[in-house]
Amino acid sequence: MKHFRNIIAMKRKMVARYIALLVIFILIIHSASILVSAKEKAGIALRDEWYQKYHGKKVVRIEPGTEEIPWFEASSTFEYAEKLIIPASVKRIAERALSRTKLKEIIIEEGTEADELLEIGDCAFRYCDNLENVQVPSRVKSIGARAFGNCMNLKEVYVADGVGKIDYT
């Protein structure tokens, strides 16, 4: 009988340890989700703002003064867009920023010498199946890997002299 009580006491201690570990795990997950949700809220607000500005338009001119085209689910924001004009104020197009959109033409404005150089992230326009024409000005300092990968209808890409690094991987 004493042996049986020892086994029960050991099992209770094990269960208590598992419960304690589970509580710690839940607290860690909860605190991480609070940290992430603040960042996500900012992204969601930006996505909603862009959706209100640009959704439903066939020709989209990103608002002058915009410095970055971030990554978010752009395919719904630019669902009807066929032509995208990116102003000289844009310094960075994030990775996968406009992938899987239905764009046919992309024009990146040249700007002046005062405008900072532009970086086009990896896969920025990947899988834009309707994309036919891209104009890349000399202010572009780098084009990331597969930036225009799998754009099956791409007919013309104009890359100005002076464009920096082009990653072909």
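Visitor: In β8, which residue is the bridge partner of Leu118?

Guide: Strands of a sheet pair through backbone hydrogen bonds, either parallel or antiparallel. In this predicted model, the bridge partner of Leu118 in β8 is Val140, and that bridge belongs to the pairing of strand β6 (residues 118-120) with strand β8 (residues 140-143), which runs in the parallel sense over three bridges.

Visitor: In what order do the five strands of the open sheet stand?

Guide: The order is β2-β4-β6-β8-β10, and the pairing in this open sheet is parallel. At the edges stand β2 (68-69) and β10 (165-166), each of which has a single partner strand, so one side of each is left without a neighbour in the sheet.

Visitor: Turning to the loops, where is Lys104 found, and what does Lys104 touch, not counting residues up to four places away in sequence?

Guide: Lys104 lies in the loop between β4 (92-93) and β5 (105-108). With those sequence neighbours not counted, Lys104 touches Glu82, Asn130, Leu131, Glu132 and Asn133.

Visitor: How should I read the relative accessible area of Lys104?

Guide: A residue counts as buried under 20% relative accessible area and as exposed over 50%, with partly exposed in between. Lys104 has a relative accessible area of 34%, and is therefore partly exposed.

Visitor: What value does phi of Asn150 take, and where is Asn150 found?

Guide: Phi of Asn150 is near 60 degrees, a positive value, again in a residue other than glycine. Asn150 sits in the loop between β8 and β9 (156-159), and its relative accessibility of 30% makes Asn150 partly exposed.

Visitor: To finish with a helix, where is Asp48 found, and how many residues along the chain lie between the positions of Asp48 and Thr77 as a separation?

Guide: Asp48 is part of helix α1 (residues 2-54), and Asp48 is partly exposed, with a relative accessible area of 39%. Asp48 and Thr77 are 29 residues apart along the chain, while their C-alpha atoms are separated by 8.6 Å.

Terms used
Residues numbered from 1 in each chain as written. Predicted model: local features only at pLDDT ≥ 70, side-chain atom pairs only at ≥ 80, totals over all residues. Heavy atoms only, no water. Helix = DSSP H or I, 4+ residues; strand = E, 2+ residues; numbered from the N terminus. Buried < 20%, exposed > 50% of the residue type's maximum accessible area, 1.4 Å probe, protein only. Contact = heavy atoms within 4.5 Å. Pairing = 2+ DSSP bridges.
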